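Work through the exercises below with the model open. Each task is followed by a solution in steps.

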Amino acid sequence: MSPLEQFLPYLLQHPLHRAMGLREIETADGTAWFEVDIGPDTVNTADMFHGGVVYALADLAALSAALTRLPEGHFAVTHDLHVSMMRAGMRGQRARFEGRVLRMGRSLAFIQVEVSCAGEVLARASVTKSILKSAR
């Protein structure tokens, strides 16, 4: 079973991911994307998309993209995550997260994630994942 087949159902059912509005993840070779509604549980006190939620979902988009390229019996964990916020997403908007593998080596994967709302870029993330043998 591929890492994507093995772990994607778990990612979709994870309580934190569900609480952040995740309902489905689309994938293709080296890419993954999903959308979430910015609602009352994902905004800060100013009704703007909470930065911590953006970081967590960017990391998830990166992992999902990496899963499409990982060899069987392997998993990826976050080694480094850098997110640049460029503008605010507001309650009531829908945010799109798109992850793309830039390079996949034997021990590290480099992934770029773009977060957008209504065609405007909200954030860009650079994520490095360490590739490990899966314990599952």
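Buried means under 20% relative accessible area, exposed means over 50%, and partly exposed lies in between (1.4 Å probe, protein chains only). The model is predicted, so local features need pLDDT of at least 70 and side-chain atom pairs count only at pLDDT 80 or more, while totals for chains, interfaces and linings use all residues. Residues are numbered from 1 along each chain as its sequence is written, and side-chain values use heavy atoms, with hydrogens and water left out.

**Exercise 1. Why does the pair of Phe34 and Phe97 count as stacked?**

Step 1. The ring centres are 5.3 Å apart and the planes are at 15°, so the pair is stacked.

Step 2. Phe34 lies in strand β2 (residues 31-37) and Phe97 in strand β4 (residues 94-104), so the pair ties together parts 63 residues apart in sequence.

Step 3. Both Phe34 and Phe97 are buried. Ring pairs link Phe34, Phe49 and Phe97 into a cluster.

**Exercise 2. Which residues of α1 are buried, and what covers them?**

Step 1. List the buried residues of α1: Pro3, Leu4, Phe7, Leu8 and Leu11.

Step 2. Look down the axis of α1. The buried residues fall within an arc of 115°, so they line one face of the helix. The arc is that of the directions from the helix axis to the C-beta atoms.

Step 3. Turn to the face away from the buried side: it carries the exposed residues Glu5 and Gln13.

Step 4. Find the cover, which includes α2, β1 (26-28), α3 and β3. His17 is in helix α2 (residues 15-19) and is buried, at 11%. Leaving aside residues up to four places away in sequence, His17 touches Leu11, Leu22 and Leu60; contact means heavy atoms within 4.5 Å.

**Exercise 3. Where do Asp47 and Ala118 lie?**

Step 1. Most residues other than glycine have a negative phi. Asp47 is not a glycine, yet its phi is positive, about 65°. Ala118 also has a positive phi, near 50°.

Step 2. Asp47 is in the loop between β2 and α3 (51-67). Its relative accessibility of 31% makes Asp47 partly exposed.

Step 3. Ala118 is in the loop between β5 (108-117) and β6 (120-133). At 78%, Ala118 is exposed.

Conventions. Rings of Phe, Tyr and Trp (its six-membered ring) pair if their centres lie within 6.5 Å; planes under 30 degrees apart count as stacked, over 60 as edge-to-face and the rest as tilted. Helices (H or I, at least four residues) and strands (E, at least two) are DSSP runs, numbered from the N terminus.
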